[in-house]
Every structure is written in structure tokens, then in C-alpha cells.
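My notes follow the model.

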Amino acid sequence: IMIKIWLLVAFMSSPGWPSVRTQAFVYPNEGMCVQAQVDFLNFYEMQPESYKNTTTIDAHCLEFESFAIPGMQDMGYDS
């Protein structure tokens, strides 16, 4: 069975790092992903200017099809 999931991909970059760092989180629907994206971006905005001057971030919610993921039903996915 294929299900639609949402993947929040977060990117971080800082001078001296050898590459852009990424993290990804799975959500069962767009609303939960967008809320997590907003929370992530708001957390960054609350950081001191000294942090924001040396670290940049971005985050995107991406929809795609996946095979069933164990535990996804506990996150609110309605099969």
C-alpha cells in the first residue's frame, strides 16, 4: 500500500563547515509538516544576532509517496 507523506527537510550552513547540513523529518500530512516548518524557522528567528550572523537555515515541506511506515498511524495518518 502506498501512502502520501510529507518530509520536512531542514538545511543549515555555517562558515567553515565542509558542506550544508541537512535533517529530515516525516509527517503524515501537510498541516503537521508546515507547523513543524514554522516552529523550526521561528526558533531560528529567536536566536541572538551573533548566531544568525554565522548560521543560515532554510526548511521545505516535500510531499511524496511511500510504502507504509511503522508507527505513522500513531502520528495521525488515517489509512
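**Cysteine link and sheet**

I looked up Cys33 first: at 0% relative accessibility, Cys33 counts as buried (under 20% relative accessible area; exposed is over 50%, partly exposed in between; 1.4 Å probe, protein chains only). This is a predicted model, where local features need pLDDT of at least 70, side-chain atom pairs count only at pLDDT 80 or more, and totals for chains, interfaces and linings use all residues. Residues are numbered from 1 along each chain as its sequence is written, and side-chain values use heavy atoms, with hydrogens and water left out.

Next I checked Cys61. Cys61 is buried too, with a relative accessible area of 19%.

I then looked for disulfides (cysteine sulfur atoms within 2.5 Å). The structure holds 1. It joins Cys33 to Cys61, S to S 2.3 Å. The link is left-handed, with -105° about the S-S bond. Cys33 sits in helix α1 and Cys61 in strand β3, so the pair ties together parts 28 residues apart in sequence. Helices (H or I, at least four residues) and strands (E, at least two) are DSSP runs, numbered from the N terminus.

I turned to the sheet. I found 3 strands in an open sheet, ordered β2-β1-β3, with antiparallel pairing (at least two DSSP bridges between two strands). The edge strands are β2 (21-27) and β3 (56-67). Strand β1 (residues 2-13) pairs with β3 over 12 bridges. I noted one partner: Lys4 bridges to Glu65 in β3.

Last, I looked up the helix. Helix α1 (residues 30-45) packs on the sheet and touches β1, β2 and β3 (heavy atoms within 4.5 Å). The direction of α1 makes about 165° with that of β3 (axes are lines fitted to C-alpha atoms, for helices over the stretch in contact; angles run from 0 to 180 degrees between N-to-C directions).
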